[in-house]
Amino acid sequence: MAIAKWFPELTRATPLRVVARTVLEARSSGVEHYLQKMKRSPGRDPEDVHQLRVATRRLAAALSIFKPCLDRQARRRLRRAARKLRRAAGALRDWDVQHSMLTDRCTETEGLPISAVRGIRRALKTQRRSLQRDLRQAIQHWAGRFRQFAAATLASLDTADVETN
């Protein structure tokens with residue numbers, strides 16, 4: 001599934017509500033897509049963790065841009081849910097990046113005893129499992145709320161008193 005990054009169909013003449021709805025639906029769908037992938041195997045694929053984090057960042061940016069168009073409470077709830085998910089994914093993503101850098105720089109032949117390298121790897125695996133568990137818990141706690149808050153935020157576009165051009 002290709003997640004929309006750009007919106008070439010939107011022009012300066014497109015009404016603000018249409019722009020806001022188009023962008024927010026796409027951004028929410030992007031987060032939802034990766035939440036579904038992560039429910040099946042939370043944190044197993046580092047790229048999915050990264051993309052969930054990216055999707056929540058893009059949603060946060062869109063919520064900031066369209067803040068005047070949205071119901072304050074609905075927007076804040078959605079922003080909070082996205083932030084919680086982003087932070088949980090971010091901790092695991094940071095670990096993956098650091099692990100990759102460490103693996104690239106540290107091999108068994110660089111003077112460290114093999115037993116020390118094995119101990120470090122065991123400790124790192126334990127830490128990653130803990131971060132995966134944290135991400136799984138965040139997804140379980142926030143995924144349903146995210147859907148609910150996204151729907152409420154989009155619905156607020158229908159009732160907000162906003163200039164349409």
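Modeller: The axes of helix 2 and helix 4 cross at roughly 35° and come within 13 Å. This is a predicted model, so please read every value here as computed from it. The crossing of helix 2 past helix 4 is left-handed. On the helix 2 side the contact uses Pro46, Val49, Leu52, Leu59 and Leu63, and these meet Arg128, Leu135, Phe146 and Thr153 of helix 4. Sorted by class, this contact has seven nonpolar residues, one polar and one charged.

Now bring in helix 1. Helix 1 (residues 16-40) packs with helix 2 at an angle of about 155°, and their axes are 9 Å apart. Angles over 145 degrees count as roughly antiparallel, which is why helix 1 and helix 2 are described that way. Their crossing is left-handed. From helix 1, the residues in this contact are Val23, Leu24, Arg27, Ser28, Gly30, Val31, Tyr34, Leu35, Lys37 and Met38. Helix 2 answers with Asp48, Val49, Gln51, Leu52, Ala55, Thr56, Arg58, Leu59, Ala62 and Leu63. By class, there are 12 nonpolar, four polar and four charged residues between helix 1 and helix 2.

Helix 1 also packs with helix 4 (residues 114-159), at an angle of about 165° and with axes 10 Å apart. This pair, too, is therefore roughly antiparallel, and helix 1 passes helix 4 in a left-handed crossing.

Some names come back from one contact to the next.

The largest pocket holds about 160 Å³, and its lining is Lys5, Trp6, Phe7, Val23, Arg27, Arg58, Ala61, Ala62, Ile65 and Phe66. Helix 1 and helix 2 (46-65) are the elements that give two or more residues to that lining, with helix 2 giving the most, four residues. By class, the pocket lining has seven nonpolar, no polar and three charged residues. Val23, Arg27, Arg58 and Ala62 line the pocket, and Val23, Arg27, Arg58 and Ala62 also belong to the contact of helix 1 with helix 2.

Technical notes
Residues are numbered from 1 along each chain as its sequence is written. This is a predicted model: local features need pLDDT of at least 70, side-chain atom pairs count only at pLDDT 80 or more; totals for chains, interfaces and linings use all residues. Side-chain values use heavy atoms; hydrogens and water are left out. Axes are lines fitted to C-alpha atoms, for helices over the stretch in contact, and angles run from 0 to 180 degrees between N-to-C directions. Angles under 35 degrees count as roughly parallel, over 145 as roughly antiparallel, 65 to 115 as roughly perpendicular and the rest as oblique. A crossing is left-handed if the near helix is turned anticlockwise from the far one by less than a right angle, and right-handed if clockwise. On a 1 Å grid over the protein atoms alone, a cavity is a set of points where a 1.4 Å probe fits but cannot get out, and a pocket is an open set with protein on both sides within 12 Å along at least five of seven lines; lining residues have an atom within 4 Å of a point. Grid points are joined across faces, edges and corners, and a volume is the space filled by probe spheres set on the points. Ala, Val, Leu, Ile, Met, Phe, Trp, Tyr, Cys and Pro count as nonpolar, Asp, Glu, Lys and Arg as charged, and the others, Gly among them, as polar. Contact means heavy atoms within 4.5 Å.
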